[in-house]
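User: Hi! Could you walk me through this one? I'd like to start with what you mean by a contact.
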Amino acid sequence: MTREFTFTVPDGFVELPVEDIEVDGVEKRELDGRVAGAFGLAADDPNAAMLANTYALYGETMGSQGIGYAAIAVYRSPDVPDRPIMPVLACSCIPSAHDSVDVAVEGLLEVHASVEGRTARLLDLPAGKAVVTVQEEKTILRNDADGIEIPVLQRQVAAWIPDPRGTSVAMVGVCSNNWQDWEHVVVLALDIFDTVSWVG
């Protein structure tokens, strides 16, 4: 049985459903309202509803991959106010049976260091020792009809925090394809990591 943990979600994030929701249900209408608020639109704006549909599908996809909580935000770049930053926040609690935090950290460092394109470092957080990983993934979006290729670079920074009781590992990650504002995304993620605490 995993142990619960909490963290503070910064203002501006919209929680995404990680399970299927009814298109005409209460949860969908609530999501429509949250998305509209994030973009400064009227609650019944059709653009907000369409965007909420996309967000719901994105959240459900993450949920199917084991993510227990997901949220997305739209900020303006501190460097170039006209440039949006869209960080995605995801977390999950992974069952574990480690003898100590040090043993768990050693295993996490070994596992993550072996993944191509990923770096792993030890970091002391208020919740305890953690392994923080950074991963970069390059993809190409293709439009075969026009022969256009658009390179997309997505980076994720994640904290893997072992439970001192040896039952769980908390994973909290923030990803973004805003490479120009990556430093701001990392600062945001580190601020979130600092708020993680175990329940009970």
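Analyst: Happy to! Contact means heavy atoms within 4.5 Å. One thing to keep in mind is that this is a predicted model.

User: Great. Leaving aside neighbours within four places in sequence, which residues is Asp 163 in contact with?

Analyst: Asp 163 is in contact with Arg 3, His 98, Val 101, Ser 168 and Trp 198.

User: And where does Asp 163 sit?

Analyst: Asp 163 is in the loop between β9 (148-162) and β10 (168-176).

User: Is Asp 163 buried or exposed there?

Analyst: Asp 163 counts as buried, because its relative accessibility is 0% and buried means under 20%.

User: What does the side chain of Asp 163 pair up with in a polar contact?

Analyst: That would be the side chain of Thr 167, with a polar contact of 2.5 Å.

User: Switching topic: which residues of α4 are buried?

Analyst: In α4, the buried residues are Trp 182, Val 185, Leu 188, Ala 189, Ile 192 and Phe 193. They cover an arc of only 140 degrees around the axis, so they lie on the same side of α4.

User: Nice. Now pockets: what is the volume of the largest one?

Analyst: The largest pocket has a volume of about 560 Å³. Its lining has 22 residues, and Gln 65, Glu 137, Gln 154, Gln 156 and Cys 175 lie nearest the centre.

User: Which element gives the largest share of that lining?

Analyst: β9 does, with 6 residues. At least two residues each come from α2 (46-64), β6 (88-95), β8 (128-143), β9 and β10.

How values were computed. Residues numbered from 1 in each chain as written. Predicted model: local features only at pLDDT ≥ 70, side-chain atom pairs only at ≥ 80, totals over all residues. Heavy atoms only, no water. Helix = DSSP H or I, 4+ residues; strand = E, 2+ residues; numbered from the N terminus. Buried < 20%, exposed > 50% of the residue type's maximum accessible area, 1.4 Å probe, protein only. Polar contact = N/O pair within 3.5 Å; in protein donor to acceptor, adjacent residues only side chain to side chain. Arc of directions from axis to C-beta. 1 Å grid on protein atoms, 1.4 Å probe; cavity = no way out; pocket = protein on both sides within 12 Å on 5 of 7 lines; lining within 4 Å. Points joined across faces, edges and corners; volume = space filled by probe spheres on them.
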